[in-house]
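Visitor: I am new to reading protein structures. Could you walk me through one?

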Amino acid sequence: MDLFNPALEENITFVRPAYFIIAGFIGIPNVNFYFVFLLFVYVLSVVGNGTVLTLIIMDHTLKGPKYVAVFSLALTDILSSTAFLPKIIDMFLFDRRYISYNECLTFMFFGFTLLAMQCFNLVALSYDRLIAIMYPLHYQVKVTQRFMINLIAFLWIFTITIFLIAVGFITRLSFCKSVVINSYFCDHGPLYRLGCNDVSPSFAIGILFTVIMLWIPLAFILATYCCIVYALSKISTVQERRKAFKTCTGHLSLVTIYFLPITLVFGIGSQMHPNARIINLSLTTIIPPMLNPIIYVFQTQEIKQALNKFIKKTRR
């Protein structure tokens, strides 16, 4: 069936609802325990990422270009968790599922912008690892702190711009049928499908943004690791290879944790049961921000040393 029928478009009166209703889970008993679990994970995420931010700000040894990207990732994790969880807890634990039109669009903009920035921070870190292993003697020339700051700033501006465009297309839709969003937040796909007029631009934007925000970054990261494996194969001793690859294990863990669930959501999300999509996407938005600081503290020697120094200072 065509997404757009010009004859029908002419007969549709533009309707902008005062509010939407977030459906949440369908037919799951005792679901409030799940949201209590998400609240617990949120607290851990804020504490962990707040600690990483504090260490990078206070410790002079964590001032390299790599830690610019790590700082951006930790900041994004806090903002992303805060954009989702407090509002979700308010809606489902206190049964306030009505959300105003403007608040819904704001929720969607910040939610997807920060989710995409988590991905782009991993891209920046993969580029950092690529240059560090392939060109170790030229690393400090090719990847400077100023270069990384400019790269992260560009990624933020790029992400904000394209999601402003996405929200702009949503404002052109007329909602004359239903105002119930079958998700746990103002999700782009379930929201634009409620439109009565031409939804094809939003449909196309959804596909385009999935490619730009998910598949291209994933392809870039996979390509960087193919290059890294090739570079490691040129190293003569096994011990040196292991030592070089160990600098990538933290980043690889973050990539796996982030991309594995989110590729399921955006790859086959339209074919998933709404409950399965909600569980998958909610865990994607909250579990990686909780695990990221744990992985970096335990797998990055510099951060581990900075944390030990910070604890000793605090005790004194």
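Guide: We will look at a sheet, a helix pair and the cysteines. This is a predicted model, where local features need pLDDT of at least 70, side-chain atom pairs count only at pLDDT 80 or more, and totals for chains, interfaces and linings use all residues. Residues are numbered from 1 along each chain as its sequence is written, and side-chain values use heavy atoms, leaving out hydrogens and water.

Visitor: In what order do the strands of the open sheet come?

Guide: Strands of a sheet pair through backbone hydrogen bonds, either parallel or antiparallel. Here, two strands pair if DSSP finds at least two bridges between them. Helices (H or I, at least four residues) and strands (E, at least two) are DSSP runs, numbered from the N terminus. In this structure 3 strands form an open sheet, in the order β2-β1-β3, with mixed pairing. The edge strands, β2 (98–100) and β3 (180–181), each pair on one side only. Strand β1 (residues 19–22) is joined to β2 by 3 bridges, and the two run antiparallel. The bridge partner of F20 in β2 is I99.

Visitor: At what angle do helices α2 and α12 pack?

Guide: Axes are lines fitted to C-alpha atoms, for helices over the stretch in contact, and angles run from 0 to 180 degrees between N-to-C directions. Helix α2 (residues 32–58) and helix α12 (residues 301–315) pack at about 85°, their axes 10 Å apart. That makes α2 roughly perpendicular to α12 (65 to 115 degrees; under 35 is roughly parallel, over 145 roughly antiparallel, the rest oblique). Contact means heavy atoms within 4.5 Å. T51, T54, L55 and M58 in α2 meet I303, A306, L307 and F310 in α12.

Visitor: How many disulfides does a search of the whole structure find?

Guide: A disulfide is a pair of cysteine sulfur atoms within 2.5 Å. The search finds 2. C104 and C186 form a disulfide, with sulfur atoms 2.0 Å apart. C104 lies in helix α4 and C186 in the loop between β3 and α7 (188–192), so the pair ties together parts 82 residues apart in sequence. C176 and C196 form a disulfide, also with sulfur atoms 2.0 Å apart.

Visitor: Is C176 buried, partly exposed or exposed?

Guide: Buried means under 20% relative accessible area, exposed over 50%, partly exposed in between (1.4 Å probe, protein chains only). C176 has 43% relative accessibility, so C176 counts as partly exposed. C196 is buried, at 16%. C104 is buried, at 0%.
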